[in-house]
Amino acid sequence: MSEMKINSHPVFRWILLTGLFIALSIFRLETSFCDPIYYARYQIQSENGMIIRSVLEIIPAADEFRMDEFQRIKVTGLASGTGEIDAESEAIHNAISRLLVSSGLKSINSRRYLFNSDSGDVAILNYEGMVRLPIIVRNRNTSLKNDLYGIDAEIDFAPIAFPTRWSSLYIDHLLKKTTQKLHLFLSSAFLR
């Protein structure tokens, strides 16, 4: 009786191809069809208990892996309209800042300094998360008192995960990236 190779049997080949198709479906090619993803950090610096500076930084981060799942969150933003940017952009920045403070990953750095017999405490609070564009502005309200401009916005937001989860998120990210490259290769090879 002749031995039959497992790879040449049509049932096993069908199971292998079906498994490959399911794996490609689960880790589908997302990066080429998604909206841009940005890393956002709102930083508040205080000295001796008084806030001296606050900065919102938004940086492109398409290859970021440290985030939790995205959720659509409704948030309001206010602007005075007297800043360097237009009132709606300022209100959107305010909405992102509020969202980071309420739902982002929080961290603090502090230090005590002594300079020419003058001492003080400096603390820097960081609120971090990921924002996916576009930001949907639902309502614009200019009838607020004190000449404030307000918006109601919906933002796709994912907080940065706690650092103890970063290694497992990195492994998941590598698996997705490898599967995406395999999917691109197979689709370019067989869909010509």
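A contact here means heavy atoms within 4.5 Å.

**Figure 1. Overall fold of the predicted model.** Among contacts between residues at least 6 apart in sequence, 65% join residues at least 24 apart. The protein chain holds three helices and six strands, arranged along the sequence as α-β-β-β-α-β-β-β-α. Of its 192 residues, 29% count as buried. The accessible surface of the chain comes to about 13,500 Å², and carbon and sulfur atoms account for 58% of that area.

**Figure 2. The largest nonpolar core, with 21 residues.** Within this core, Ile96, Leu100, Val131, Ile135, Ile151 and Ile155 touch the most other members. At least two residues each are supplied by strand 1 (37-47), strand 3, helix 2 (87-103), strand 5 (118-141) and strand 6 (149-159). Helix 2 gives the largest share of the core, six residues.

**Figure 3. Surroundings of Val131.** Leaving aside residues up to four places away in sequence, Val131 touches Pro36, Ile37, Tyr38, Ala40, Phe70, Ile96, Ile155, Asp156 and Phe157. One of these neighbours, Phe70, also has Arg132 over the face of its ring, at 4.1 Å from the ring centre.

**Figure 4. The aromatic pair of Phe65 and Tyr170.** Two aromatic pairs are found in a search of the whole structure. In the pair shown, the ring centres of Phe65 and Tyr170 are 5.0 Å apart and the planes stand at 65°, so the arrangement is edge-to-face; the cut-off for that class is over 60 degrees. The pair links distant parts of the chain, as Phe65 belongs to the loop between strand 2 (50-60) and strand 3 (71-79), while Tyr170 belongs to helix 3, 105 residues apart. Phe65 is partly exposed, with a relative accessible area of 23%. Tyr170 is also partly exposed, at 38%.

**Figure 5. Arg66 and the ring of Trp166.** The charged end of Arg66 sits over the Trp166 ring, at a distance of 4.8 Å from the ring centre.

**Figure 6. Thr179 in helix 3 (residues 166-190).** Thr179 has a relative accessibility of 14% and therefore counts as buried, the limit being under 20%. Its side chain reaches the backbone oxygen of Leu175 at 2.7 Å.

Methods. Residues are numbered from 1 along each chain as its sequence is written. This is a predicted model: local features need pLDDT of at least 70, side-chain atom pairs count only at pLDDT 80 or more; totals for chains, interfaces and linings use all residues. Side-chain values use heavy atoms; hydrogens and water are left out. Helices (H or I, at least four residues) and strands (E, at least two) are DSSP runs, numbered from the N terminus. Buried means under 20% relative accessible area, exposed over 50%, partly exposed in between (1.4 Å probe, protein chains only). Accessible areas come from the Shrake-Rupley method with a 1.4 Å probe; for residues, only the protein chains shown count as cover. A polar contact is a pair of N or O atoms within 3.5 Å; within protein, one must be able to donate a hydrogen and the other to accept it, and residues adjacent in sequence count only if both atoms are side-chain atoms. Rings of Phe, Tyr and Trp (its six-membered ring) pair if their centres lie within 6.5 Å; planes under 30 degrees apart count as stacked, over 60 as edge-to-face and the rest as tilted. A charge sits over a ring if NZ of Lys or CZ of Arg is within 6 Å of the ring centre and within 35 degrees of the ring normal. A nonpolar core is a set of buried Ala, Val, Leu, Ile, Met, Phe, Trp, Tyr and Cys residues joined through side-chain atoms within 4.5 Å.
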